[in-house]
Structure formats: C-alpha cells, structure tokens
Amino acid sequence: MSQPIVYVVSDSVGETAELVVKAAASQFSETEVVIKRIPYVEDLGTISEVISLAKMNNAIVAFTIVIPELHNFLIDEAKRAGVICYDIIGPLIEQMSNSYGCSPRYEPGHIRRLDDDYFKRVEAIEFAVKYDDGRDPRGILRADIVLVGVSRTSKTPLSQYLAHKRLKVANVPLVPEVDPPEELFEVPKEKCFGLVISPEKLNYIRKERLKSLGLNSTASYAHIERIEEELKYFNKIVERLDCQIIDVTNKAVEETANIILSILNKRLK
C-alpha cells in the first residue's frame, strides 16, 4: 500500500484543518500520513488541480472552505472524480445557522482576523527574539519589561511567555567579566526584574545542561564557587538598579510570569 496522503484545502490559512487532520492521523501509529496543505484557495482552477492530484494519489481531501461557490464546486468535483472529501467546518456552520436562526458571513479567515491585539502579540514575540540574551542593547530602552539574571534563570522562556501577553521583553545576562550595557541603568526601576536562584539549584541545572550538550559536567560553568561569584555580581548589579527581585528557584515559568503580571497590574490601579 502506498503512503496515505491527505490534501488540506482552505480559502484561508488552513491551519485549523491541518490540526484536525493531524489529530485524526495521530490515532494511526503504524501509518505515517502525509499532509499537504493548500492555503488561500480563491479559484476553481486550483480546486480542480487538487482533485486531480488526489485522484492520482488515491488521497483524501479535507477542507475548510466557506465561500459557497468554491465549497460547492469542490464537493461536486470530488464526487465526479470519485475522490473522498471531508468538509471540516461546513456541517457545523450549517447546524449553528439552523439552531440560532442566523446567517453566516461566508467570509474566510475570520478566526485569524488581523486586529490590533494580534499585531501586538506578534510584535512582542518578534521583539523578545530580537532582544534576547542582551543581543542588542538598543532594545532595553524600548522594552516594557527588562529581565536580568545569571545564565539559566529562565530569562528566555519567561520573555517568550510574557510576549504572548503582548509585553515587549528584553533580557540581559549578567556575567562578572562583562559590564552590563549602559542602557540598563537608564531604564526606570519599575520596568526591571531581577531573577535570582539558589546556588544549589543553579548548580544542578547547569550540570544537567552540560550533560545534555554532551559536555563535561565538571566544567567551571557548573562549579558552585563560580556560581556563587556570579550571584554575588548579580546582587551588586540589582542593588544598583534598585529593581524588584524574584526568586525563581522552585518556580515554573508560568508562576514567575504571573508574579510579574500581578505586580504590573497593581501598579496600574
């Protein structure tokens, strides 16, 4: 038997349909299903081509097309060609229309309408990537939040988590041998958060990190003496910044993020 193929066809991004198909395909562990997404379908010709390919490859067509003309054409073409097609969203739209007594818009892409909220989230995520790990100090002054801490205190995942809350986050690693950028000391202390961790916990985390990289866990990076030196330097810098300090020793990223968000919300009241 040839490898099963599912063509995912959509008049929008097609992500919803692909996720549904992947969820279904995951139930067949012994068979790897190839999923081919065809997004932004706007013409009958593209649909005809997909149906021809599906017939040739004995494939299934799963679709989320809401524009009536395209929707009906795909179903008719599939039936004529003997191709199995599955309408992922149509039956539910019809049922909701009948149950609620209202008419659908029949406009593709509403779930991902590019509103202000969406743009802010994307911008914040891009910001967190661009200004991660002190990569570019210019971002420090543009950030909503600046995280400082020694290596392996979850600065990067915390930055990404907060970015999904539409906050622009820059993070700065503190290393005794490297002076922090001057921009860090120009940021209002209310925007800065120092992430501290116990030496023992950091020692364990760094050893595990070195092992995962296939490196010797006895490297100075994981020495308790080195860690204590770094934390001493951290205390010196955050004292100068006079910023809020959060102990992340036994906290998940979500817990730390919630503490920061709670502090910010209190300041807004």
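Buried, in this note, means under 20% relative accessible area, exposed over 50%, and partly exposed in between (1.4 Å probe, protein chains only). This is a predicted model: local features need pLDDT of at least 70, side-chain atom pairs count only at pLDDT 80 or more, and totals for chains, interfaces and linings use all residues. Residues are numbered from 1 along each chain as its sequence is written, and side-chain values use heavy atoms, with hydrogens and water left out.

1. **Helix H3, span.** H3 covers residues 68–81, 14 residues in total. Helices (H or I, at least four residues) and strands (E, at least two) are DSSP runs, numbered from the N terminus. From first C-alpha to last, H3 reaches 20 Å, close to the 20 Å expected at 1.5 Å a residue. The expected span is 1.5 Å times one less than the number of residues. After H3 comes Gly 82, with a positive phi near 75°.

2. Which residues of H3 are buried? They are Leu 70, His 71, Leu 74, Glu 77, Ala 78 and Ala 81. These cover an arc of only 140° around the axis, which puts them on the same side of H3. The arc is that of the directions from the helix axis to the C-beta atoms. An α-helix has 3.6 residues a turn, so residues three or four places apart point the same way. On the other side of H3, Glu 69, Asp 76, Lys 79 and Arg 80 are exposed.

3. **Helix H3, cover.** Strand S1 (5–10), helix H2 (44–56), strand S3 (60–64) and strand S4 (85–87) are among the elements that cover the buried residues of H3.

4. **Lys 155.** This residue lies in helix H6 (residues 155–163). Lys 155 is buried yet has no salt bridge (a side-chain nitrogen of Lys or Arg within 4 Å of a carboxyl oxygen of Asp or Glu). The nearest side chain of opposite charge is Asp 133, 4.9 Å away. The side chain of Lys 155 does reach the backbone oxygen of Gly 149, at 3.4 Å. Leaving aside neighbours within four places in sequence, its contacts (heavy atoms within 4.5 Å) include Leu 147, Val 150, Asn 171, Pro 173 and Leu 195.

5. **Val 196.** Strand S7 (residues 192–196) holds Val 196. Val 196 and Val 238 are 42 residues apart in sequence and 10.0 Å apart in space, C-alpha to C-alpha. Not counting residues up to four places away in sequence, Val 196 touches Phe 234, Ile 245, Ile 246, Asp 247, Val 248 and Thr 249.

6. **Asn 203.** Asn 203 sits in helix H7 (residues 199–212). Buried or exposed? Asn 203 is buried, with a relative accessible area of 15%. Not counting residues up to four places away in sequence, Asn 203 touches Ala 222, His 223, Ile 224 and Ile 227.

Notes. Lys, Arg positive; Asp, Glu negative; His and termini not counted. Polar contact = N/O pair within 3.5 Å; in protein donor to acceptor, adjacent residues only side chain to side chain.
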